[in-house]
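Here's a quick briefing on a pocket, a core and a helix. Have a look at the model first, then we'll go through them.

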Amino acid sequence: MKLQNGITACLLAVLLAVLLAGCAANWVRVEQSDRRYAGEHYTVTLPAGWMRNETADSLVLSRDGLDLQRIVIEFRPHEKAFEKIERSSSADMLPSELAELTIAELKSSQEDGLPSLEILDNRPVEIAGHTGYALHLRFKTDEGLRIEVLLRGFVDEAGLYQFLYRAPTLHYFARDREAYESVSESFRQAH
């Protein structure tokens with residue numbers, strides 16, 4: 001019986017290692033020589049030394065781990081722009097409308113509706129020749145950790161583009177904000 005339990009434990013450990021290796025394989029280190037990223041809808045310059053992971057609609061970057069800091073660049077077609085609140089976007093939306101829907105989408109993605117959310121700044125900005133919005137938000141986790149979020153977004157004929165930066169206020173937010181600013185400023189639409 002002990003031998004069978006030992007074999008079962010070994011098989012589970014091997015299976016878990018294989019599964020974790022498969023998940024980790026999606027993350028790629030950004031080398032100095034390979035900082036330019038070209039996706040289907042846009043190109044950006046990535047920060048060297050960070051890790052990147054691509055999904056169907058987004059590019060996720062982190063230096064030390066997703067809970068410590070993350071930059072997310074996302075494209076969504078208009079009909080899937082705000083899926084949690086079941087709203088779409090359109091090419092003629094005002095930046096204020098986009099910001100309002102973005103905040104509603106963010107709140108709806110949290111089980112408790114994010115009651116501690118503070119809007120520190122909400123203003124229109126220019127992004128790659130488009131008028132969009134810039135939000136600076138802050139909230140507390142259930143454990144009391146203060147998190148700050150920078151969100152920028154705009155729409156064009158194809159859909160909604162968003163740039164998110166999220167990090168704990170203490171230490172990480174200020175330290176890695178420049179990387180987010182650099183990535184955002186390097187954004188160019190693919191033609």
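This is a predicted model: local features need pLDDT of at least 70, side-chain atom pairs count only at pLDDT 80 or more; totals for chains, interfaces and linings use all residues.

Numbering runs from 1 along each chain as its sequence is written, and side-chain values use heavy atoms, with hydrogens and water left out.

**Pocket**
- A pocket here is an open set of points on a 1 Å grid over the protein atoms alone, where a 1.4 Å probe fits, with protein on both sides within 12 Å along at least five of seven lines; lining residues have an atom within 4 Å of a point.
- The largest pocket holds about 750 Å³, taken as the space filled by probe spheres set on the points, which are joined across faces, edges and corners.
- Its lining counts 27 residues, with E105, L106, S109, Q110 and L164 closest to the centre.

**Helix 3**
- Helices are DSSP runs (H or I, at least four residues), numbered from the N terminus.
- Helix 3 (residues 169–186) bends by about 40° at R177, the angle being between axes fitted to the seven residues ending there and the seven starting there.
- Buried (under 20% relative accessible area, 1.4 Å probe, protein chains only) residues in helix 3 include Y172, F173 and D176.

Key:
Helices (H or I, at least four residues) and strands (E, at least two) are DSSP runs, numbered from the N terminus. The expected span of a helix is 1.5 Å times one less than its number of residues. Buried means under 20% relative accessible area, exposed over 50%, partly exposed in between (1.4 Å probe, protein chains only).
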